[in-house]
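This briefing is meant to be read beside the sequence and the structure. Please keep both in view while going through the points.

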Amino acid sequence: SAIQLNSILFAIDFTPGCLHAFPFAISIARHYAGRLLLEHVDPAHGDRAVPDQEVTLHQLQSEMEAALSHVSISLEGIAHEILFDHGNISSRLLDTAKERRADLIVVGTNGRRGVRKLWKGSTAEEIVFLSSCPVLTAGPNVDRRPDFRRILCATDFSPAAKNAIPYALSLAEKYDASLAFLHVNDWSSTEPPVQAKPRTYEFVHEQLGLSAQGAAIESRCQVFVEYGPSSDLILEAATDREADLIVMGRPAVNSIKARIASHLPGSTAYDVIAQAPCPVLTVPLRHAA
C-alpha cells in the first residue's frame, strides 16, 4: 500500500545532537504534506519541579531558529504543534507516538559508542529498537542537506528488509531521487558468494514489481553486492556514493532486549546510525507498510 507520513514526531531537547535532525523532519513533512509534532520531554523525577512551559517554549523556539539558520528550509507552511512532557524520554516519546498514531519518529543522536554507551546507554537506540513505527536518526557525522537526492537501501533478503523497501521507493519517488540497493554478503553468512549477486537482482526485481512506484523509478535504481562486515560496508557505500539517506529494516525485538542493547556496543543498525554521514531510516518488522 502507499506509504503515508502524515504525522511526524520529532524529539526536541537542548542537546547538540538533537536539532541536527530538525531540518530533515521538516523536509519530510513538507514532501508528504504531513503534520509535525515537536515533543520536549524533561527527564524530571522525584521532587524536581517541572520547568515553566512558557520559558521552555521560548528557549525551544530560539534553538529551532538557530538550527535552521544555515539551511534553506523553514517551518513556514508546515502544520506543527509543540508538546511538553516529563519523565523517561524514550518511554514518553514512544507513548506519544502510539497515542497520536505517528507514522514516523525523527530523533538526533550523539552517536555514543563503546565505554560511554555502556555507561549511559543510548536513548536513540532504545527508541529505534522499541518503536512500532519507522525512526529516522541523524548522528554526529551527518553533513548532508535536507534533500534526499541519492538513497541507499541496505537489504539482506529478510522480512524486515522487505518491509523497508516500500519506504525507500516512496522517498525516492517524493524526492525524485536515485535509489541504490546494497546487499552485503557478510562473513558470517551461509549464502554461497556465487549466489549473492543473481539472488540480489532477483530479489530487487521482485520487490519493485510489488510496488506501485517500482515501474516509475526502476530506471533510477542500481543494485550492487559487497562481501565482508555489514556495518563497515554499508558505511563505506554511503560515503563513496554520497548517499543522502540510508534505509534499512530492523528485526523485531522484545522490550527487555532493546533496553539491554541500548547499553551495549553493537548492532549493525546502531553502528550505522552512530557513524553514518547521512540520516538513517530504520523500519521495524512489525510495522506493516
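The points below are grouped by topic, after a short note on the model.

The model is predicted, so that local features need pLDDT of at least 70 and side-chain atom pairs count only at pLDDT 80 or more, while totals for chains, interfaces and linings use all residues. Residues are numbered from 1 along each chain as its sequence is written, and side-chain values use heavy atoms, with hydrogens and water left out.

- Five of the five residues of strand E1 (residues 7-11) are buried, so E1 is largely enclosed by the rest of the structure; buried means under 20% relative accessible area, exposed over 50%, and partly exposed in between, with a 1.4 Å probe and protein chains only.
- Ser7, Leu9 and Ala11 point one way from E1, whereas Ile8 and Phe10 point the other way; strands (E, at least two residues) and helices (H or I, at least four) are DSSP runs, numbered from the N terminus.
- E1 pairs with E2 in the parallel sense over five bridges, and with strand E4 (residues 104-108), also in the parallel sense, over three bridges; two strands pair if DSSP finds at least two bridges between them.
- Phe10 stands opposite Leu38 in E2 and opposite Val106 in E4.

- H1 is followed by Ala33, which is placed in the loop between helix H1 (22-31) and strand E2 (35-42) and is exposed, with a relative accessible area of 71%.

**Positive phi values**

- Most residues other than glycine have a negative phi.
- Ala33 has a positive phi, near 50°.
- Phe157 also has a positive phi, of about 75°, although it is not a glycine; Phe157 lies in the loop between strand E6 (150-155) and helix H6 (159-175) and, at 11% relative accessibility, counts as buried.

**A negative surface patch**

- Helix H9 (residues 230-240) gives the largest share of the negative patch, three residues.
- Glu226 lies in strand E8 (residues 221-227) and is partly exposed, with a relative accessible area of 31%.
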